[in-house]
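Subject: Structure handover, with notes on what was found

Dear colleague,

My notes follow below, and I would be glad if you could go through them with the coordinates on screen.

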There are 2 protein chains.
Amino acid sequence: MWSIEDSQMMSLAIELAQKGMYTTRPNPSVGSVIVKDGEIVGEGYHIRAGGPHAEVYALNMAGDDAKGATAYVTLEPCSHYGRTPPCAKALIEHGVNRVVIAVTDPNPEVSGRGIAMLRDAGIQVDVGLMTTEAMQVNLGFLKRMEKGLPWVTVKLAASLDGKTALSNGVSKWITGPEARSDVQRLRARHCALVTGIETIIADNPSLNVRHSELGSLSNQLAPAEIHQPLRVVLDSQARLKGELSLFQIDSPILLVSTKDYPEEVKATWPAHVEHQIIAAVESRIDLQALLAFLGKTCNSVLIEAGATLAGAFVNQGLTDEIVLYQAMKILGGHGRNLLALDDFETMSDIPRINLIDERKVGKDTRLTLRVSN
Amino acid sequence: MWSIEDSQMMSLAIELAQKGMYTTRPNPSVGSVIVKDGEIVGEGYHIRAGGPHAEVYALNMAGDDAKGATAYVTLEPCSHYGRTPPCAKALIEHGVNRVVIAVTDPNPEVSGRGIAMLRDAGIQVDVGLMTTEAMQVNLGFLKRMEKGLPWVTVKLAASLDGKTALSNGVSKWITGPEARSDVQRLRARHCALVTGIETIIADNPSLNVRHSELGSLSNQLAPAEIHQPLRVVLDSQARLKGELSLFQIDSPILLVSTKDYPEEVKATWPAHVEHQIIAAVESRIDLQALLAFLGKTCNSVLIEAGATLAGAFVNQGLTDEIVLYQAMKILGGHGRNLLALDDFETMSDIPRINLIDERKVGKDTRLTLRVSN
């Protein structure tokens, strides 16, 4: 069913889609390639929500050459009038002959309707080429559309013996500058960062994306193009107060607690701070409810927290992925543990994780692990 | 000074030397290649102590072709009559023209004298090609000759968060069968294994090399060719007694304590058990003294022990290498720690380790780390 050209062109479309992963949210990242008589006549990708979709860039580039051409697109073309007119309509109007789609749209507003609109216009539509590969670009969007929950990644950094700090709390630095720059890139493609009050008290972090620390990405992404992730602080007992580095940076902050803050504390918050009360479970924030709340607007959430909170996301089966930066160091058994999990009785009770990527980042190793819940 | 042919031939000689690493001890592993007019006319490696040296195999294969040839040898040819006649003499008698040597012999009985004997006979001797690479094959022998101490490797196996067992002690199995087979190969090339009484009590291991579990090595090494490592059990308070799996296997065992065992306990030991009293330091066995004792006969020692004993070898600066089998699992903070080390005040106090090799062994990762003491 699929020719070598089909696979090559869809690979290129997926590569194009990946270019949008830092800027399209809450929209999915989509790429498109238009091919006529074996030649690429148009290509494009969705850059940002509200702007043209991938197909529109590719069609505009192709112009009259789109007539009788094949369009490759990583996600089913939309069929509805949103902030832009439907892409299926544009493909029809440009006289495209065939459309190859990697992933059908999980959005109930769109799913299957773009395909139907194309077929009704007499266009050949082939669906399912490189579906798995194309899905990787939009894991967050796809999960949110299907389950109303964001994709959850737990970021960890530890020594080879699984320690995040010496016994006295010293943790600067376990990983090297390249790994810390990689964390900046990781943050830059997430809709929200979640941390706990303990981390705020201990480290007083800014939790923002710093253009100067983006490394290789800084050439691709201008400072103004960075989407600062929503910074979410879990503060179940509403204890947070005082001057915080977090507040100094003018990008959205969401404080989450199980009860209200005193009015005099709230009066000190800058305008970019919002507050949300979430139900408690055993006097802690209900993480499932938190994710449902974030899932209204966020495709992906990065957990950057201590052993207790990060462990809770794993323990409760709420984690999709773990990104572990491992330093080639040994801190010894007195150091601080990576993840607080339940006591397990047998090896079959431990979290089921699968290594999907492993690479060197400076002197450290970055392991990406998929969690089956 | 070195031609491409020189480097190619010495590489081959080093590969040949590696073939002996399971069988030559306490001798070094040595390889030799004899080249005439660009053609290999002889090659060989030392197979076992008491048998012919590498040069003799290579010269016998070359026969008359050795005349006017170049001999590559990974370690300086011996000049003394031991169990075999001196190799330098054999090289001279066969009329070799030039000898290229990677490493000079650290054995005070031999060092430099082989080279002198060759030069005195008018042979061109070039020393120092691929020295670092050739040294890797004989790290234990070289260290023992220089310092009277064996090369010490600490073997560890843990989850990604540095745990060796669940909180209830369950550890079977963290790593997969391929990693456990790799441990068998690791044991097979060590002169001695060291463990602690706690491990014997907890796991009752046999601590032998099992031919059926050698994997790829089982084709290369017949059951009768396996050198069973000396099994050393540290039992500072002389508590060991009763039926032990260790005793069932008829290969040497050394029990080490700081005081004597009761006569009635000693009476139960099979003939292959020996006992050595080593001085105590703070009621524990003096590990430095232990290594000096083992260094009389052992090139290399593999520590297979729990967090306390393995940690002591690292803490006291007695470890040369750490081999860590890392399973792609997370056991959680309640699990058992990998290594008990001192409390460190700053990051500059932690052990200085360098990753020298990293590879997949089944689903696990094996990290080889060199320790600078």
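Copies of a chain are superposed here by least squares on the C-alpha atoms of residues with pLDDT of at least 70 in both. This is a predicted model, in which local features need pLDDT of at least 70 and side-chain atom pairs count only at pLDDT 80 or more, while totals for chains, interfaces and linings use all residues. Residues are numbered from 1 along each chain as its sequence is written, chains are lettered from A and ligands numbered from 1 in the order in which they are written, and side-chain values use heavy atoms, with hydrogens and water left out.

How the two chains are related

Two copies of a chain are related by a rotation about an axis and a shift along it. In this model, chain B is superposed on chain A by a rotation of 180° with a shift of 0.1 Å along the axis, at an RMSD of 0.1 Å, which is the relation of a two-fold axis. Within chain B, the C-alpha nearest that axis belongs to Gly162(B), at 2.2 Å from it. Both copies use the same surface, since 100% of the contact residues of chain B recur in chain A, where contact means heavy atoms within 4.5 Å.

The interface

The contact draws 42 residues from chain B and 42 residues from chain A. Together the two chains bury about 3300 Å², 61% of it on carbon and sulfur atoms; buried area is the accessible area (1.4 Å probe) that two parts lose on being put together, summed over both. Of the area that chain B buries against chain A, 21% comes from Leu160(B), Ile330(B) and Met347(B), more than from any other three residues.

Across the interface the rule finds 2 salt bridges, a salt bridge being a side-chain nitrogen of Lys or Arg within 4 Å of a carboxyl oxygen of Asp or Glu. Glu358(A) forms a salt bridge with Lys360(B), with the closest N and O atoms 3.3 Å apart.

On the side of chain B that touches chain A, β15 (321-327), β17 (352-361) and β18 (364-372) of chain B each supply at least two residues, and β17(B) gives the most, with 4 residues. Helices (H or I, at least four residues) and strands (E, at least two) are DSSP runs, numbered from the N terminus.

A helix in chain B

In helix α6 (residues 139-147) of chain B, the buried residues include Leu139(B), Phe141(B) and Leu142(B), where buried means under 20% relative accessible area, exposed over 50% and partly exposed in between (1.4 Å probe, protein chains only). Among the elements that cover the buried residues of α6(B) are β6 (151-159), β15 and β18 of chain B. After α6(B) comes Gly148(B), whose phi is positive, near 70°.

Salt bridges within the chains

Over all chains, the count by this rule comes to 34 salt bridges. Arg187(A) forms a salt bridge with Glu304(A), the closest N and O atoms being 2.6 Å apart, and this pair links distant parts of the chain, 117 residues apart, with Arg187(A) in helix α7 (residues 177-188) of chain A and Glu304(A) in the loop between β14 (300-303) and α12 (307-315) of chain A. Both Arg187(A) and Glu304(A) are buried.

In chain B, Arg210(B) forms a salt bridge with Glu213(B), the closest N and O atoms being 2.9 Å apart; Arg210(B) is partly exposed, with a relative accessible area of 28%, and Glu213(B) is partly exposed too, at 32% relative accessibility. Glu263(B) likewise forms a salt bridge with Lys266(B), the closest N and O atoms being 3.5 Å apart, and both lie in helix α10 (residues 263-266) of chain B, 3 residues apart, about one turn of the helix.

With best wishes
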